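Visitor: I would like to go through this structure term by term, asking at each point what lies behind the word.

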Amino acid sequence: MSHTDFSNRNPLPEVNELFHQRWSPRAFKKTTISPQTINTIFDAARWAPSCFNAQPWLFVTSSNEKDFDIFLSLLNESNQIWAKNAGLIGFIFAKKTFAHNGTDNNKAKFDCGSAWMSLTLQANLNGLHTHGIGGIDYTNVYTTLNISPADYDIICGFALGEADTVESLPNALQEKEKPSARKALDNIWQAGIR
Ligand SMILES: Cc1cc2nc3c(=O)[nH]c(=O)nc-3n(C[C@H](O)[C@H](O)[C@H](O)COP(=O)(O)O)c2cc1C
């Protein structure tokens, strides 16, 4: 899938590389992503499971160079430094209530995570990468993007684009630019009662 060094990842041999070769680069190349590819990536998100099939996710993304800068300005400065080269910047919102009865949907953020992973894996299949961004301007994101805080919770931002070489990053970021390791399986999975 890529020439990146995954040597510090140790998946069991039968885990598909789609899962263990996904990672979040900060080095992005300023290339235009075709509308067809963007549609494909966000369409993949539609097929995620959700509580009551509520599909509470809302992805709001930059659409052209002019609004890219507006989206970029909603990231913390430390994230703007690298995300400025992404093809697209987006934000993920979760609908707070169920449409069918108006009650609080306390699984909405969980469901948004599923949809995010779907679009991420589809992006990888299209030769692109995503990078989740929690460091954002939580106050201004609603007004700037014209999303109602009464109806939606902001979850995070993300960058989508074509990965670039580590050398394209400022020195301070170069050392972090590699796929990260993971906890051992028995740290995250308890089979039976301990
Ligand atoms: C919800 C979320 C928020 C994140 N926020 C940031 C962020 O603000 N800045 C950043 O550089 N990386 C951010 N990351 C990237 C994580 O640090 C990264 O996913 C994690 O270290 C695992 O590495 P990997 O995705 O390369 O496997 C975020 C990831 C997620 C899923």
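Guide: The residues of the shell around the ligand divide into four nonpolar, seven polar and no charged. This is a predicted model, in which local features need pLDDT of at least 70 and side-chain atom pairs count only at pLDDT 80 or more, while totals for chains, interfaces and linings use all residues. Residues are numbered from 1 along each chain as its sequence is written.

Visitor: What makes a residue nonpolar, polar or charged in that division?

Guide: Ala, Val, Leu, Ile, Met, Phe, Trp, Tyr, Cys and Pro count as nonpolar, Asp, Glu, Lys and Arg as charged, and the others, Gly among them, as polar.

Visitor: Which residues surround the ligand?

Guide: They are W23, S24, N79, H131, G132, I133, G134, G135, C156, P179 and S180, where a residue is near a molecule if its C-beta atom, placed from the backbone, lies within 6 Å of it. Strand β4 (residues 129–133) gives the most to this shell, with three residues; strands (E, at least two residues) and helices (H or I, at least four) are DSSP runs, numbered from the N terminus.

Visitor: Why is A108 called buried?

Guide: A108 has 24 C-beta neighbours inside 10 Å and therefore counts as buried, since the term asks for 20 or more other C-beta atoms within 10 Å of the residue's own, with 12 or fewer giving exposed and the range in between partly exposed, C-beta atoms being placed from the backbone. A108 is in helix α5, and A108 touches P56, A94, K95 and K96, not counting residues up to four places away in sequence, contact being C-beta atoms, placed from the backbone, within 7 Å.

Visitor: Why does R182 count as partly exposed?

Guide: R182 has 13 C-beta neighbours inside 10 Å, so it counts as partly exposed. R182 is in the loop between α7 (171–174) and α8 (185–188).

Visitor: What makes a set of residues a nonpolar core?

Guide: The set must consist of buried Ala, Val, Leu, Ile, Met, Phe, Trp, Tyr and Cys residues joined through C-beta atoms within 7 Å. The largest such core here has 35 residues, and those with the most contacts inside it are I92, C112 and A159. The elements α2 (35–45), α4 (77–83), β3 (88–95), α5 (108–125) and β5 (152–163) each supply at least two residues of this core, and the largest share, seven residues, comes from β5. A159 touches F28, A83, A86, I89, T130, H131 and I133, not counting residues up to four places away in sequence.

Visitor: How do α2 and α5 pack, and what is the angle taken between?

Guide: They pack at an angle of about 145°, with their axes 7 Å apart; the axes are lines fitted to C-alpha atoms over the stretch in contact, and angles run from 0 to 180 degrees between N-to-C directions. On the α2 side T40, I41, F42, A44 and A45 meet A115, S118, L119, Q122 and A123 in α5, and the residues of this contact divide into seven nonpolar, three polar and no charged.

Visitor: What is the phi of F52, and why is F52 called partly exposed?

Guide: F52 has a positive phi of about 60° although it is not a glycine. Most residues other than glycine have a negative phi. F52 has 14 other C-beta atoms within 10 Å, so it is partly exposed. Q55 also has a positive phi, of about 50°, although it is not a glycine, and Q55, with 19 C-beta neighbours inside 10 Å, counts as partly exposed.

Terms used. Contact = placed C-beta atoms within 7 Å.
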